[in-house]
Amino acid sequence: MFTDLNVKDCGSELLEKATMLGYSALACWGYSEGEVGIRIIGKKLLAPGSLEELKQTLVKIPTGRAVVSVSPRDTATARWSAHDGRVDTIVMTLENIDLFDKKQFSTMKYYGKPLEIWLSDLRRAGSVQLAKYYRRVNLALRMKIPVITGSGASHWSQLPHPRAAVCLLTLFLDFPEKEALLSMTSHPYSVIAGKVG
Amino acid sequence: MVEEIATLLATLLIAQAALLATTVYYLGRVRKVLRVWKTLVEKERGKPVKPRKRYVVFALACSGNPSREMVEKHVENAFTAYYGRAALAKASPQLVFMDEKAGRGVYRVSHLYVKHLISLFTAPLEAEECKCLIIPLKTTGTLKKALKIMEKK
């Protein structure tokens, strides 16, 4: 039941390879309707410059049709998206990593909001950024916030094998193996389970 | 009377065989536990752990035909970038066998670095208009078993 919550373009070739790798559900930025052996759902990634922009964008998105993720750029947006019920996940990237402090994680824990991280970010991070990433992800895990791992794949060759991804998470971020598995299976699947897709 | 004795003998034989199989199985388990314990004690005492070889069987899903050198170079570069030169030297990953037509191969690596090697398979192999996905199939302790798995799948 492997699930990837962040695939950029779900072409037919990518879907074929995802089936081969054992994925059962994908959230894609762009996809075409068709019969495939995988559950596909749309993904909206919002990176608003201000809180007002986030509110305006959220109003326009129909509820229950797509996974809504917010990559906040300022503290106000980060706090708001943590308690807004229309937002499914909050994305921590290398650009907004400094916004994720103990207070942000406390808010996310209170409202049951999962943290989303991308493997593509992990691969391109330098040592300083990786250290920041490590500390924050471990803080989130200690606070029992569900962490979701997405690939950020735009081509089928960037889609990781789940076992390889679990190994990468355990070695790079000291994820317990069980948590690494959960971040690719039940945590992301519970996000898309209630969606119409 | 004869039938009864034959049945009794057969039952005894089956029970004996079952007992023998169970003993062999549990002896194997005990041996494995003892080996792990010995490794832990040696590690605790600061003794160097004897590196054992592991064979990682993998498959390639490619758009194009990747050569053996391409795969070797990719793994070496990725290993150095992710874990450094010291880890590369200790792990000493070697592509011992590769079937370029079938797109399958076997990597040999130290048992302490199996996870390191598998984690590299998340990095896409992209070179000379050839894009590949590396899929880990199985990790074994002998090359014979690895080759068998490679041919079977």
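How many bridges pair E2(B) with strand E3 (residues 104–110) of chain B, and in which sense do the two run? There are five bridges, and the pairing is antiparallel. Keep in mind that this is a predicted model.

**Chain A overall**
- Chain A is built from nine helices and seven strands.
- Its radius of gyration is 16 Å, close to the 16 Å the globule rule gives for 197 residues, so chain A is as compact as a globular protein of that length.
- If you boxed up the C-alpha atoms of chain A along the principal axes, you'd need roughly 45 × 40 × 25 Å.
- Buried residues account for 46% of the 197 residues in chain A.
- Take the contacts in chain A with a separation of 6 or more: 60% of them link residues 24 or more positions apart.

**The sheet in chain B**
- Five strands of chain B form an open sheet with antiparallel pairing, in the order E2-E3-E1-E5-E4.
- The edges are strand E2 (94–99) and strand E4 (125–127) of chain B, each of which pairs on one side only.
- On average, neighbouring strands of this sheet are turned by 30° against each other, ignoring direction.

**Met150(B), a buried residue**
- You'll find Met150(B) in helix H4 of chain B, which covers residues 143–152.
- Met150(B) counts as buried because it has 22 C-beta neighbours inside 10 Å, and the cut-off for buried is 20 or more.
- Leaving aside residues up to four places away in sequence, Met150(B) touches Val57(B), Arg104(B) and Val106(B).
- Arg85(B) is another story: it sits 65 residues from Met150(B) along the chain, and their C-alpha atoms are separated by 29 Å.

**Where chain B meets chain A**
- The contact between the chains involves 15 residues of chain B and 19 residues of chain A.
- On the chain B side, helix H3 (114–119) and strand E5 (130–140) are the elements that give two or more residues.
- E5(B) supplies the largest share of that side, with five residues.
- Sorted by class, the side of chain B that touches chain A has nine nonpolar, three polar and three charged residues.

Terms used. Residues are numbered from 1 along each chain as its sequence is written. Chains are lettered from A and ligands numbered from 1 in the order in which they are written. This is a predicted model: local features need pLDDT of at least 70, side-chain atom pairs count only at pLDDT 80 or more; totals for chains, interfaces and linings use all residues. Two residues are in contact if their C-beta atoms, placed from the backbone, lie within 7 Å. Helices (H or I, at least four residues) and strands (E, at least two) are DSSP runs, numbered from the N terminus. Ala, Val, Leu, Ile, Met, Phe, Trp, Tyr, Cys and Pro count as nonpolar, Asp, Glu, Lys and Arg as charged, and the others, Gly among them, as polar. A residue is buried if 20 or more other C-beta atoms lie within 10 Å of its own, exposed if 12 or fewer, and partly exposed in between; C-beta atoms are placed from the backbone. The radius of gyration is taken over C-alpha atoms; the globule rule is 2.2 Å times the number of residues to the power 0.38. Two strands pair if DSSP finds at least two bridges between them. Axes are lines fitted to C-alpha atoms, for helices over the stretch in contact, and angles run from 0 to 180 degrees between N-to-C directions.
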